[in-house]
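Me: I would like to learn how to read packing features in a model. Can we take them one at a time?

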Amino acid sequence: MAGQSPGTLGAMTRPWDARRLAVPAVLVALAVPVGACGSKVDPKADEPPPRSVVAPPQVKPLRALGRSEGRLQLLARPGVVQAGRGPTGADWVSGFEARTGCRVSVTTAPTSRAVAAGLRTGRFDGAALTGDVTLPLITGGRLAPVNPSLLRAWDGVFDDLRAQAARASGGRVFAVPVDRAVNEVVWRRDRIPGTVRSSGALFDPPQAASLGDRLMMPNDPMTVADAAIWAVKEAARQDRELEVTDPFELDARQFAAARGVLRRQRQYVGAYWNQPKQLEDALRTGEATVGYGPSGVAARLRAERPPVPVEAEAPREGATGFVDAWVVSSRARHPNCMYRWIQHLLTPAVNAEVAEQAGAAPASARACELTKRTRRRCEDLQAGDADHWRDVALWRTPTAVCDDKRGRACASYADWARFWETLVR
């Protein structure tokens, strides 16, 4: 059974008592451009070429799978690794330990940024990351490239996810995807009748004001991308043109528009959440009427007995999302157990359970073929629909150098983080 070392649960950050954020200067994610879900927010015609991601030359992938070292030290956000101790009883650790002889120790950290910081210490064999923190770990030599030929289940991963994993890291795989999720507007249907299909419920001042401090937003600089998408519609209503082809590549004018959206919204936000559980708790108790979070939030609340009366929709203006992936530390002391762990998570039955617990779409196509239930769930989440996921702006690092002809004209993640820090404190 896994030994859990509990992390510190970050308190919700409120506009009136916000603590300063500690975030790295550069982040990245597995990404595809945002789709044409609203006026002037258009996908790029072609997939971008592999990014120029340079890892130190001494960082090498494992060439062959050796004997189990008997131990595995993992780092992840709370709830990502289930060992039978949670309310659902989910457990994908005990069977792994029994089959491989790798005794699992899990340390939790409250956010993906905290996971990345912990991984830099060199104490862990690997970690679960949302892709927004991958790039500096690669370029800093903290991650080892993964040898997919050592993962029997790699061929079962959806083609577009495998392609994205390589494209986002310069042609090599550094982060192995296990699931992916879309960010949604979640609301209490007993308080708001009808369907909320627009992010206007979050960003339009009259709508946000009507919630009376019962609006919750993520405490994450990546929310700037969602604001940029809404800014396009806001500009159109004012007979102004603001073209955003990629919400993670914002020049000075676009970045200013997104900042304006978030500043106007700030007075109506009752709390900024650090972990999805905080949003779930607030929706359950009625402290929040509307929130913004990953698809798993609504799925978990509806699965409770009795179910919490919530609904969720991805914003029609354009949706953002993220990929959950596992990485191998370049200083891993138990790399053979780490590869066995990733293989275990991609095994169809385990991958289906991991994705269901997260409320996300599984990475394994074979996980979707297990039973009628998994097929139906994959259909509902459009797990294998590459066109659907092409229209989701999956998190990636904002960098100063745009990928298009604008060159060095875009706001970097450091710019996003500095703005966010001043916004919520």
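Me: How many aromatic pairs does the structure hold?

Reply: Rings of Phe, Tyr and Trp (its six-membered ring) pair if their centres lie within 6.5 Å. Planes under 30 degrees apart count as stacked, over 60 as edge-to-face and the rest as tilted. The structure holds 6 such pairs. One of them joins Phe248 and Trp416. Their centres are 6.4 Å apart, with 25° between the planes, and the pair is stacked.

Me: What kind of model is this?

Reply: It is a predicted model: local features need pLDDT of at least 70, side-chain atom pairs count only at pLDDT 80 or more, and totals for chains, interfaces and linings use all residues. Residues are numbered from 1 along each chain as its sequence is written, and side-chain values use heavy atoms, with hydrogens and water left out.

Me: Which parts does the pair of Phe248 and Trp416 tie together?

Reply: Helices (H or I, at least four residues) and strands (E, at least two) are DSSP runs, numbered from the N terminus. Phe248 lies in the loop between α7 and α8, and Trp416 in helix α15, so the pair ties together parts 168 residues apart in sequence.

Me: Are Phe248 and Trp416 buried or exposed?

Reply: Buried means under 20% relative accessible area, exposed over 50%, partly exposed in between (1.4 Å probe, protein chains only). Phe248 and Trp416 are both buried.

Me: How are the rings of Phe255 and Phe419 arranged?

Reply: Their centres are 6.4 Å apart and their planes stand at 80°, so this pair is edge-to-face. Phe255 sits in helix α8 and Phe419 in helix α15, 164 residues apart. Phe255 has a relative accessible area of 8%, so it is buried. Phe419 is buried too, at 6%.

Me: Which residue lies over the face of Phe255?

Reply: A charge sits over a ring if NZ of Lys or CZ of Arg is within 6 Å of the ring centre and within 35 degrees of the ring normal. Here Arg259 lies over the face of Phe255, at 4.6 Å from the ring centre.

Me: Which residues form an aromatic cluster?

Reply: Phe96, Trp326 and Trp341 form one.

Me: How do α7 and α8 cross?

Reply: Two packed helices are described by the angle between their axes and the distance between the axes. Axes are lines fitted to C-alpha atoms, for helices over the stretch in contact, and angles run from 0 to 180 degrees between N-to-C directions. The axes of α7 (residues 223–237) and α8 (residues 252–266) come within 8 Å and cross at roughly 100°. Angles under 35 degrees count as roughly parallel, over 145 as roughly antiparallel, 65 to 115 as roughly perpendicular and the rest as oblique. The two helices are therefore roughly perpendicular.

Me: Which residues of α7 and α8 meet?

Reply: Contact means heavy atoms within 4.5 Å. From α7, the residues include Thr223, Val224, Trp230 and Glu234. From α8, they include Phe255, Val261, Leu262 and Arg264. Ala, Val, Leu, Ile, Met, Phe, Trp, Tyr, Cys and Pro count as nonpolar, Asp, Glu, Lys and Arg as charged, and the others, Gly among them, as polar. The contact of α7 with α8 has 10 nonpolar, 1 polar and 2 charged residues.

Me: How covered is α2?

Reply: Helix α2 (residues 112–119) is mostly covered, with 6 of its 8 residues buried. Among them are Arg113, Val115 and Leu119. The buried residues of α2 pack against elements including β2 (71–76), β11 (319–329) and α15 (413–424).
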